[in-house]
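I opened a new notebook page for this chain. My plan is to look up confidence, then the fold, then a few residues.

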Amino acid sequence: MLTRNFAILTCEPNAMIAEIHNRMPVILHHEDNECWLSPDPNPSDLMNPYPSELMTMWPIRQKRRTRDHQPG
């Protein structure tokens, strides 16, 4: 039987994310992909907060009304 698994690696938040949460997902720079996928046993130097200045945050609605969500 096939079992599918995944993980989300987190790190300390950058300044932007720290306003809303105490951690953030690890986001790689495109040029780090090869190193991340290499057999290097310790890519921990890539697990740093992504720079806030390269991100954009948009406000979202805080509360969903019950009638907006119809399970189906």
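**Confidence.** I start with pLDDT, the predictor's confidence in each residue, from 0 to 100. The model is predicted, so I take local features only at pLDDT of at least 70 and side-chain atom pairs only at pLDDT 80 or more, while totals for chains, interfaces and linings use all residues. I number residues from 1 along each chain as its sequence is written, and side-chain values use heavy atoms, with hydrogens and water left out.

I looked up the chain average: the pLDDT is 88. I also noted that 88% of the residues score at least 70. Among the elements, α2 has the lowest mean pLDDT, 90. Strand β2 (residues 24-25) has the highest, 97. I keep one caution in mind: where pLDDT is low, predicted coordinates should not be read in detail.

**Fold.** Helices (H or I, at least four residues) and strands (E, at least two) are DSSP runs, numbered from the N terminus. I found two helices and two strands. Along the sequence the pattern reads β-α-β-α.

**Contacts and surface.** I call it a contact when heavy atoms lie within 4.5 Å. I took the contacts between residues at least 6 apart in sequence; 42% of them join residues at least 24 apart.

**Burial.** Buried means under 20% relative accessible area, exposed over 50%, and partly exposed in between (1.4 Å probe, protein chains only). Of the 72 residues, 17% count as buried.

Which residues form the largest nonpolar core? I list C11, I17, M24, V26 and Y50. Such a core is a set of buried Ala, Val, Leu, Ile, Met, Phe, Trp, Tyr and Cys residues joined through side-chain atoms within 4.5 Å. Leaving aside neighbours within four places in sequence, I17 is in contact with R23, M24, M55 and M57.

**Cysteines.** C11 is buried, because its relative accessible area is 10%. C35 is partly exposed, at 30%. I looked for disulfides (cysteine sulfur pairs within 2.5 Å) and found zero.

**S52.** I found S52 in the segment after α2 (33-37). Is S52 buried or exposed? S52 is buried, because its relative accessible area is 17%. Not counting residues up to four places away in sequence, S52 touches N14, A15 and M16. Its side chain makes a polar contact with the side chain of N14, at 3.3 Å. A polar contact is a pair of N or O atoms within 3.5 Å; within protein, one must be able to donate a hydrogen and the other to accept it, and residues adjacent in sequence count only if both atoms are side-chain atoms.
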